[in-house]
Amino acid sequence: MGNKEEPRINKQQELFSKKIGKIERQKIKAQQTNIQTIWYGLGMMGLVGWSISVPTLIGIFIGRFLDVNFPSERSWTLILIVIGMSIGCFNAWRWLRNEDRKIRKEHERKDE
């Protein structure tokens, strides 16, 4: 009777160990993914900020130069600020859209 119980217990222990091992691997992978996601998100925020602010600042400097050297009824600075912000926002939107597509494709590959 003891011989029949031992193989059954060993098999249950083995299945339990495999299950626990699988759960542990999933937890470790989730922790690593979360850390990478946080840094990736912070990097994306910085990139989006720079992609909007750089064209805006370029517009300010060019507009200021035009206003000082070529005075007119219209403010070149304001016009070029709007143009620079528009270009920056478009670039940021396009970049984020492409990154979102890449992330979605990665998730689809992992789900397969």
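Is Asp100 buried, partly exposed or exposed? Asp100 counts as partly exposed, at 34% relative accessibility; here buried means under 20% relative accessible area, exposed over 50%, and partly exposed in between, with a 1.4 Å probe and protein chains only. The notes below take you through the rest, point by point.

1. **What you are looking at.** This is a predicted model, in which local features need pLDDT of at least 70, side-chain atom pairs count only at pLDDT 80 or more, and totals for chains, interfaces and linings use all residues. Residues are numbered from 1 along each chain as its sequence is written, and side-chain values use heavy atoms, with hydrogens and water left out.

2. **The overall build.** The chain has two helices and zero strands. Both kinds of element are DSSP runs numbered from the N terminus: helices are H or I with at least four residues, strands are E with at least two. Helix α1 covers residues 2–69, and helix α2 covers residues 76–111.

3. **Burial and surface.** Of the 112 residues in the chain, 12% are buried. The accessible surface of the chain is about 9900 Å², and carbon and sulfur atoms account for 63% of that. Accessible areas come from the Shrake-Rupley method with a 1.4 Å probe; for residues, only the protein chains shown count as cover.

4. **Contacts along the chain.** A contact means heavy atoms within 4.5 Å. Among contacts in the chain with a separation of 6 or more, 56% are between residues 24 or more positions apart.

5. Glu99 lies in helix α2 and counts as buried because its relative accessibility is 12%. Setting aside residues up to four places away in sequence, Glu99 touches Tyr40 and Met44. Tyr40 sits in helix α1, so with 36% relative accessibility it counts as partly exposed. Apart from neighbours within four places in sequence, Tyr40 is in contact with Glu99 and Ile103.

6. How many salt bridges does a search of the whole structure find? The search finds three, where a salt bridge is a side-chain nitrogen of Lys or Arg within 4 Å of a carboxyl oxygen of Asp or Glu. One of them joins the side chains of Glu99 and Lys102, at 3.5 Å from N to O. Glu99 and Lys102 are three residues apart in helix α2, so about one helical turn separates them.

7. **Arg104 and Asp100.** These two side chains also meet in a salt bridge, at 2.8 Å from N to O. A polar contact of 2.8 Å joins the side chains of Arg104 and Asp100 as well. A polar contact is a pair of N or O atoms within 3.5 Å; within protein, one must be able to donate a hydrogen and the other to accept it, and residues adjacent in sequence count only if both atoms are side-chain atoms. Why are Arg104 and Asp100 separated by about one helical turn? Because they are four residues apart in helix α2. Arg104 is exposed, with a relative accessible area of 53%.

8. **Glu14 and Lys18.** In this salt bridge the closest N and O atoms are 3.5 Å apart. Glu14 and Lys18 are four residues apart in helix α1, so the separation is about one helical turn. Glu14 counts as partly exposed at 46% relative accessibility, whereas Lys18 counts as exposed at 53%.

9. **The aromatic pair.** A pair of aromatic rings is described by the distance of the centres and the angle of the planes. The structure holds one aromatic pair. The rings of Phe90 and Trp93 have centres 5.9 Å apart and planes at 35°, so the pair is tilted. Rings of Phe, Tyr and Trp (its six-membered ring) pair if their centres lie within 6.5 Å; planes under 30 degrees apart count as stacked, over 60 as edge-to-face, and the rest as tilted. Phe90 and Trp93 are three residues apart in helix α2, so they are separated by about one helical turn. Phe90 is partly exposed at 42% relative accessible area, and Trp93 is partly exposed at 47%.

10. **A nonpolar patch.** Which residues make a nonpolar surface patch of about 400 Å²? They are Trp50, Val54, Ile58 and Ile62. Patches are made of residues with over 30% relative accessible area and no salt bridge: like charges are joined within 9 Å, nonpolar side chains (Val, Leu, Ile, Met, Phe, Trp, Tyr) within 5 Å. Val54 has its place in helix α1 and is partly exposed, with a relative accessible area of 35%.
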